[in-house]
Amino acid sequence: NRRKDDRDIPDTYEFSFKSRNGDLLTVIATVAMIPGTRRSLAALIDITGKKQVESALLQARKKLNLLNRLTFNDIRSSVYVLAGYIDLSRDMVTDPAMIAWIEREKETIRQIDKALGFARDYQDMGLKPAEWQNAEQVFLYAISHLEISHLSRSLDLAGLEIYADPLLEKVFVTLVSNTLTHGGDVSSFSVRYTLSAEEVVIIYEDDGSGIPENMKEKIFDEYA
């Protein structure tokens, strides 16, 4: 088919085979026709070592992920138990000074739980390969998890596809959740993009109260 000038024939292949001594090798082969002839030229590159390293790295990441899950569940269970004991202590105390300390303990527990939630959401980052995603479809699916029937919206992402981690949906969920939680008297939100020769920028906006000037730097703090 290549000699019949079939344009649909791929010119690059990746495959594995056994060498004469029984080793399993993986190669990339590139094949091209020699102009003016019916002969072809093939170049083979041995990528066996690269594939072995990638496989070992993937296995290590999966094991670390499993360890993270087990550790996360153990810590969160302990946090829930500790929070229960603190609530019981609060009910048994009448001293205002002690109550104030207990409230600080409860706030610390809430911060720990928030940090654990952040770790849970992103512990799978990088385990699945990035992929081309339709930004509009991903955003629509993201907001389908939220109660936003009282908000008007403007969506201008038609035709935009981006190469991103599968957690892209979580990014959109977080943006709209922040509007619901911190927007105050918010009535609408919009998402659009701008395109230049160097980059694509996705812009998310709402008409809420915004961030007070003295708090703007905190948006760059972890768990803020």
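Modeller: Contact, as the word is used here, means heavy atoms within 4.5 Å of each other. The model is predicted, so local features need pLDDT of at least 70 and side-chain atom pairs count only at pLDDT 80 or more, while totals for chains, interfaces and linings use all residues. Residues are numbered from 1 along each chain as its sequence is written, and side-chain values use heavy atoms, with hydrogens and water left out.

Biologist: Which residues is Arg-2 in contact with, leaving aside its neighbours within four places in sequence?

Modeller: Arg-2 is placed in the segment before β1, where helices (H or I, at least four residues) and strands (E, at least two) are DSSP runs numbered from the N terminus. With the neighbours within four places in sequence set aside, the residues in contact with Arg-2 are Ile-9, Pro-10, Asp-11, Tyr-13, Val-31 and Met-33.

Biologist: How far from Arg-2 is the nearest side chain of opposite charge?

Modeller: Lys and Arg count as positive and Asp and Glu as negative, with His and the chain ends not counted. Arg-2 is buried, a word that means under 20% relative accessible area, with exposed being over 50% and partly exposed in between (1.4 Å probe, protein chains only). Arg-2 has no salt bridge, a salt bridge being a side-chain nitrogen of Lys or Arg within 4 Å of a carboxyl oxygen of Asp or Glu. The nearest side chain of opposite charge belongs to Asp-11, and its distance is 6.2 Å.

Biologist: Which side chain makes a polar contact of 2.8 Å with the side chain of Arg-2?

Modeller: A polar contact is a pair of N or O atoms within 3.5 Å; within protein, one must be able to donate a hydrogen and the other to accept it, and residues adjacent in sequence count only if both atoms are side-chain atoms. A polar atom of the Arg-2 side chain lies 3.1 Å from the backbone oxygen of Pro-10. At 2.8 Å, the side-chain partner of Arg-2 is Tyr-13.

Biologist: Which strand gives the most to the nonpolar patch?

Modeller: Patches are made of residues with over 30% relative accessible area and no salt bridge, like charges being joined within 9 Å and nonpolar side chains (Val, Leu, Ile, Met, Phe, Trp, Tyr) within 5 Å; accessible areas come from the Shrake-Rupley method with a 1.4 Å probe, and for residues only the protein chains shown count as cover. Tyr-13, Phe-15, Phe-17 and Leu-44 make a nonpolar surface patch of about 350 Å², and Tyr-13 counts as partly exposed because its relative accessibility is 33%. With 3 residues, the element that gives the most is the strand spanning residues 12-18, β1.

Biologist: What parts does the salt bridge of Asp-113 and Arg-76 tie together, and how many residues apart in sequence are they?

Modeller: The Asp-113 and Arg-76 side chains meet in a salt bridge at 2.9 Å, N to O. Because Asp-113 lies in helix α2 (residues 96-122) and Arg-76 in helix α1, the pair ties together parts whose separation in sequence is 37 residues.

Biologist: Is Gln-133 buried or exposed?

Modeller: Gln-133 is found in strand β4 (residues 131-134), and its side chain reaches the backbone oxygen of Ala-164 at 2.9 Å. Beyond its neighbours within four places in sequence, Gln-133 is in contact with several residues, among them Val-138, Leu-160 and Leu-168. Because its relative accessible area is 8%, Gln-133 is buried.
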